[in-house]
Amino acid sequence: MKLFKSYRRSNWAIPYALFLAIFVALPLLLIVIFAFTDNSGEFSMQNFIKFVTQPEAVNTFIYSIGIALVTTFLCILLGYPAAYILSNKNLNRSQTAVMLFILPMWINILVRTLATVALFDFIHIPLGEGALMFGMVYNFLPFMIYPIYNTLQKMDHSLIEAAQDLGAKPSTVFWKVTVPLSMPGITSGIMMVFMPTISTFAIAELLTMNNIKLFGTTIQENINNGMWNYGAALSLIMLVIIGITSLFSDGDEQSQNEGGLL
Amino acid sequence: MKKFFAQTYLWLLLALLYAPIIIIGIFSFTEAKVLGNWTGFSTKLYTSLFSGGVGNGLLSAIENTFTIAIIAAAISTILGSFAAIGIHNLRGRKRQAITLLNNIPMLNPDIITGISLFLLFITLGITQGYLTVVLAHIAFCTPYVVLSVMPRLQQMNPNIYEAALDLGATPLQALWKVIIPEIRPGMISGFILAFTLSIDDFAVTIFTKGNQGLETLSTFIYADARKGGLTPELRPLSTIIFVTVLLLLIIINIRARRAARKAENI
């Protein structure tokens with residue numbers, strides 16, 4: 001009888017399983033199918049050949065990865081100290097400061113980008129590569145701070161005390177204990193910053209007055225212009241890059257989940 | 001001294017983060033067309049935003065954004081809560097498979113989700129518009145509902161459902177009177193989360209909205225910004241969005257703190 005009952009409740013997942021099959025699994029499969037076919041639906045590698053032989057697309061691709069890497073690096077550089085201070089009871093007790101850092105994550109990215117553009121206009125900074133970098137860091141910094149803050153906060157502080165008792169200098173404690181223990185937060189922060197920066201498309205247009213193109217923009221343009229197969233192939237290339245990035249944080253699923261939610 | 005430097009760093013960074021939105025907020029109270037010109041205090045932009053002085057475009061975009069978010073969040077909450085109960089009672093490979101699929105929309109970049117759904121609707125021959133946007137939003141919101149309901153189910157005493165059945169409740173009554181009250185906080189957080197995600201979305205919407213002229217707030221802003229001149233009414237609008245999000249976040253936080261205190265008391 002008990003078996004029968006629990007069997008029935010597990011059936012409640014069936015509608016959602018069907019939904020996932022149609023709206024998650026099938027669409028991803030379609031990206032692969034479109035990427036490996038030509039306009040007439042025949043199997044073909046022409047989309048990938050087109051990508052490799054077009055210097056413009058390849059250059060945009062490499063440039064986008066570069067921008068994403070620099071953004072991620074700057075976010076760690078600015079974000080780690082902030083997360084450290086926020087989680088350290090001797091340096092900060094205000095819960096409000098924590099909330100203020102998280103809040104921008106919840107505001108529409110276009111509204112935030114427009115606000116940045118307005119700020120640059122206001123203080124007469126020309127739009128371009130510098131503005132793009134600033135805008136990216138500005139947009140994604142909270143996504144770096146939050147996961148690092150989370151792991152630092154859950155860290156076992158007796159380990160730090162132990163290191164101090166054993167005579168380690170403050171800098172040694174920081175580099176040998178705090179940083180290694182906060183690695184899960186850093187990896188999920190990298191995921192949360194690198195992935196959106198590599199795939200962003202509208203932000204770059206707005207921040208550079210359409211002068212600098214990122215890979216996401218290239219994909220969007222191709223899809224909009226009806227080049228679905230080529231667009232799908234470019235999306236697949238982006239997916240592969242993201243897949244490779246996520247391999248680095250694979251062993252740490254829990255911190256990923258923690259990083260993603262408030 | 002150390003604390004002083006630390007606090008200075010924090011507040012400098014915050015000032016930098018908030019500078020743009022504060023400037024927008026300040027200049028939402030003046031009439032000037034170009035941002036940065038102060039022509040005296042005025043609430044004209046606010047009144048013109050609400051009296052439809054900006055033409056129908058912006059107002060219908062706001063309306064679409066909210067109706068889509070409410071419909072998508074409501075359906076996601078129902079679908080996701082049922083799914084969570086189902087997944088909670090699944091074991092082994094089936095559970096792994098559905099959890100993996102459930103994680104995909106959260107890990108996928110928006111642009112990939114958008115393009116993959118675009119290709120789906122193209123392949124199925126569905127005309128893209130309001131319906132496809134709602135479906136797409138349900139697709140990327142529901143995983144978050146599942147994720148907020150699951151912990152509640154794990155905390156729940158599994159025997160009370162069985163007890164209800166033993167005492168003669170039908171499975172439906174047991175669901176309504178036992179399970180739903182237990183997972184309600186998770187459902188509400190899931191709903192709020194889905195609602196904010198839907199309002200916030202740009203990348204998925206732009207690929208699934210079709211070309212029948214449907215605009216949500218973010219696609220409207222995008223189109224407007226591409227044309228070069230920003231509608232001045234977007235300033236009071238951004239300010240309102242900011243304040244609303246702030247309030248929602250405070251509500252979520254208070255709820256979480258209250259729940260934590262309750263858990264401590266038990």
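The following exercises, each with a worked solution, concern a predicted model.

**Exercise 1.** Determine which elements make up chain B and in what order they run.

*Solution.* Begin with the count: chain B has 11 helices and 0 strands. Next, follow the chain from the N terminus; the order of its elements is α-α-α-α-α-α-α-α-α-α-α.

**Exercise 2.** Describe the extent, burial and surface of chain B.

*Solution.* First, take the principal axes: along them, the C-alpha atoms of chain B fill a box of roughly 75 × 65 × 35 Å. Second, consider burial: of the 266 residues in chain B, 50% are buried.

**Exercise 3.** Classify the aromatic pair formed by Tyr80(A) and Phe174(A), and locate its two members in the chain.

*Solution.* The whole structure holds 25 aromatic pairs over all chains. In the pair of Tyr80(A) and Phe174(A), the ring centres are 5.9 Å apart and the planes make an angle of 85°. Planes over 60 degrees apart count as edge-to-face, and the pair is accordingly edge-to-face. Tyr80(A) lies in helix H4 (residues 55-87) and Phe174(A) in helix H9 (residues 170-181) of chain A, 94 residues apart, and the pair thus links distant parts of the chain.

**Exercise 4.** Decide whether Tyr80(A) is buried or exposed.

*Solution.* The cut-off for a buried residue is under 20% relative accessible area. Tyr80(A) counts as buried because its relative accessibility is 8%.

**Exercise 5.** Identify the ring of chain A over which the charged end of Lys50(A) sits.

*Solution.* The ring belongs to Tyr230(A), and the charged end of Lys50(A) is 4.1 Å from its centre.

Definitions and conventions: Residues are numbered from 1 along each chain as its sequence is written. Chains are lettered from A and ligands numbered from 1 in the order in which they are written. This is a predicted model: local features need pLDDT of at least 70, side-chain atom pairs count only at pLDDT 80 or more; totals for chains, interfaces and linings use all residues. Side-chain values use heavy atoms; hydrogens and water are left out. Rings of Phe, Tyr and Trp (its six-membered ring) pair if their centres lie within 6.5 Å; planes under 30 degrees apart count as stacked, over 60 as edge-to-face and the rest as tilted. Helices (H or I, at least four residues) and strands (E, at least two) are DSSP runs, numbered from the N terminus. Buried means under 20% relative accessible area, exposed over 50%, partly exposed in between (1.4 Å probe, protein chains only). A charge sits over a ring if NZ of Lys or CZ of Arg is within 6 Å of the ring centre and within 35 degrees of the ring normal. Accessible areas come from the Shrake-Rupley method with a 1.4 Å probe; for residues, only the protein chains shown count as cover.
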